[in-house]
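Student: Please take one part of this structure and go through it closely. I would like the charged side chains, their surroundings and their partners.

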Amino acid sequence: MITRLPLKAYEALRTAFKEKMSSYKTTSGSRILDTCYDFTGQETVNIPKVSFSFKGGTVVELLTRKGSFFFFFFFFDSKGVLYVHDMSKVCLAFANNTNVGNVAIFGNVQ
């Protein structure tokens with residue numbers, strides 16, 4: 001599941017996510033996913049909370065468990081936040097829209 005965001009929103013998310021994930025080894029991207037990590041050998045991983053605030057005060061938080069958790073749970077609790085190729089390539093499941101005028105597309109299965 002991949003979410004496409006307008007460029008400014010995507011850049012803000014990517015920057016904040018990279019800051020929170022700075023203690024993990026990065027790896028090359030994959031097609032449209034440019035923020036990827038190598039979790040080989042990691043017993044636990046802290047996944048930052050991702051939420052979206054909309055006009056009118058609505059906030060949508062994507063499902064993740066707070067704090068550290070084991071990879072058994074990791075695959076199930078990070079849907080919508082991470083796209084897992086394998087443990088050596090786990091990517092932020094967000095990409096920017098190529099056209100500035102495009103709207104956001106939340107949770108597209110490609």
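Tutor: D86 is partly exposed, at 39% relative accessible area (buried is under 20%, exposed over 50%, partly exposed in between, with a 1.4 Å probe and protein chains only). The model is predicted, so local features need pLDDT of at least 70 and side-chain atom pairs count only at pLDDT 80 or more, while totals for chains, interfaces and linings use all residues. Residues are numbered from 1 along each chain as its sequence is written, and side-chain values use heavy atoms, leaving out hydrogens and water.

D86 lies in strand 8 (residues 82–86); helices (H or I, at least four residues) and strands (E, at least two) are DSSP runs numbered from the N terminus. The D86 side chain makes a polar contact with the side chain of S88 at 2.6 Å. Such a contact is a pair of N or O atoms within 3.5 Å; within protein, one must be able to donate a hydrogen and the other to accept it, and residues adjacent in sequence count only if both atoms are side-chain atoms.

Searching the whole structure gives two salt bridges (a side-chain nitrogen of Lys or Arg within 4 Å of a carboxyl oxygen of Asp or Glu). One joins R14 and D34, N to O at 2.9 Å. This pair links helix 1 (residues 7–20), which holds R14, to the loop between strand 2 (26–27) and strand 3 (36–37), which holds D34. R14 is partly exposed at 21%, and D34 is partly exposed at 36%. K25 and D38 also form a salt bridge, at 3.7 Å. K25 sits in the loop between helix 1 and strand 2, and D38 in the loop between strand 3 and strand 4 (44–46). K25 is exposed at 56%, whereas D38 is buried at 16%.
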